[in-house]
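Please look through the following protein chain and the report on its structure.

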Amino acid sequence: MSAFTRLPDLALRAYGGSVVAANDESFAEREALIRPGPPEFRPHTFGAKGQVYDGWETRRRREPGHDWAIVRLGLPGVIRGVVVDTAWFRGNYPPYASVEACEAEGYPAPGELDGWVEIVPRSPLTGDAAHEFAVTGERRFTHVRLNIFPDGGVARLRVHGEVVPDPAFLDGLTVDLAALENGGLVVACSDEFYSSPNNVIAPGAARNQSEGWETARRRGGGNDWLVVALAGPGTVAVAELDTSNLLFNAPGWAAVSGVDARKASPDDRDAWFPLLPRTRLQPDTRHRFRLDSDRTVTHARLDVYPDGGMARLRLLGRLTT
């Protein structure tokens, strides 16, 4: 598995992505392309249009051309890699695919998008396989277009990269400095046995345990932790530690600390200073704490004692000038 797959999926429906247009979806709907989770398949399950597939499938093309679908990224950013997954499509997958991307301001209609650039050239595909394509370049994109040649079915499209928000929009506002959608990213973690630590800074509320961060049961000493690189240098006024859905596996206590990586390395534990001291937590509870520190931080560390899960971590504050 390529290293870029550990980066957030910028197109994910749970992150606000949307398949805004497709030229054809005769057999299976385009929206399936960006659904969370792996594709499912139930053999011999037929509807009015044939075998039911958890993916996007077009009709058999009898004329020149190719099929396509346009995805508005829920989290605009720099794309580091794309996965075109043909899971379960064995006799009806497209033999080739390419991906284009563009950047648009505001909220344009699909027909108003222009300036497309190719980020994945026309490449061969096989059936029932996840195809990983690394992407180079530092441009920020807001939309991608998947082209399949000439037709067929694709189960999932994953667009992994680094979130790059519009800094002009964040300027002067109180925002969640840890949020994935604002450019926050978990850069270190002690344990991710049950789920990804980046879940803890995802948009929206966690609907169940799997949409948060949960560690294995700790049998030795110490405690579990994660480190978030914030959207930028800023001051944090409110820490929100949400244990929703965690009834018997919430941490007993938690603490939050910060460091300014422009002045000291985050690897130096002595450089960290407290933002929220070790505090008792309750299961299935949204905890909100006002902080009295006015020190600038670039990274925040969440320590949970001794182990357990966290649905969401929010750090509300302001970016520095």
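Predicted model: local features only at pLDDT ≥ 70, side-chain atom pairs only at ≥ 80, totals over all residues.

## A network of charges

Asp24, Arg59, Arg61, Glu63 and Asp67 are joined to one another in a network of salt bridges. Across the structure, the count of salt bridges comes to 23.

One of the salt bridges joins the side chains of Arg158 and Asp9, with 3.5 Å from N to O. This pair links distant parts of the chain: Arg158 belongs to strand 11 (residues 156–163), while Asp9 sits in the segment before strand 1 (18–22), and the two are 149 residues apart. Both Arg158 and Asp9 are buried.

Another salt bridge is formed by Glu25 and Arg30, whose closest N and O atoms are 3.4 Å apart. Glu25 has a relative accessible area of 28%, so it is partly exposed. Arg30 counts as buried because its relative accessibility is 18%, and buried means under 20%. Arg218 and Asp224 form a salt bridge as well, and here the closest N and O atoms are 2.6 Å apart. Arg218 is partly exposed, with a relative accessible area of 28%, whereas Asp224 is buried, with a value of 2%.

## The chain as a whole

The chain contains one helix and 21 strands. Its C-alpha atoms fill a box of roughly 65 × 45 × 30 Å along the principal axes. Why does a radius of gyration of 22 Å agree with a compact globule? For 321 residues, a compact globule would have a radius of gyration near 20 Å, and the 22 Å of the chain agrees with that.

Of the 321 residues, 52% count as buried. The chain exposes about 15700 Å², and carbon and sulfur atoms supply 50% of this area. Among contacts between residues at least 6 apart in sequence, 78% join residues at least 24 apart. The chain has 36 positive and 42 negative charges, and the mean positions of the two groups are 3 Å apart.

Is Ser18 buried or exposed? Ser18 counts as buried, because its relative accessibility is 16% and the cut-off for buried is under 20%. This residue is placed in strand 1. Apart from neighbours within four places in sequence, Ser18 is in contact with Arg13, Ile34, Ile70, Val71 and Arg72.

## Cis peptide bonds

Where are cis peptide bonds found in this chain? One runs from Phe149 to Pro150, with omega near -10°. Pro150 lies in the loop between strand 9 (140–149) and strand 10 (153–154).

Another cis peptide bond joins Tyr305 and Pro306, with omega about -15°. Pro306 is in the loop between strand 19 (297–305) and strand 20 (309–310).

## Positive phi angles

Asp128 is not a glycine, although it has a positive phi of about 55°. Asp128 is located in the loop between strand 7 (117–124) and strand 8 (130–134). With a relative accessible area of 32%, Asp128 is partly exposed.

Asp284, also a residue other than glycine, has a positive phi near 50°. The loop that holds Asp284 runs between strand 17 (273–280) and strand 18 (286–290). Asp284 counts as partly exposed because its relative accessibility is 41%.

Note on methods: Residues numbered from 1 in each chain as written. Heavy atoms only, no water. Helix = DSSP H or I, 4+ residues; strand = E, 2+ residues; numbered from the N terminus. Rg over C-alpha atoms; globule rule 2.2 N^0.38 Å. Buried < 20%, exposed > 50% of the residue type's maximum accessible area, 1.4 Å probe, protein only. Contact = heavy atoms within 4.5 Å. Areas by Shrake-Rupley, 256 points an atom, 1.4 Å probe, with all protein chains shown as cover. Lys, Arg positive; Asp, Glu negative; His and termini not counted. Charge placed at Lys NZ, Arg CZ, Asp CG, Glu CD. Salt bridge = Lys/Arg side-chain N within 4 Å of Asp/Glu carboxyl O.
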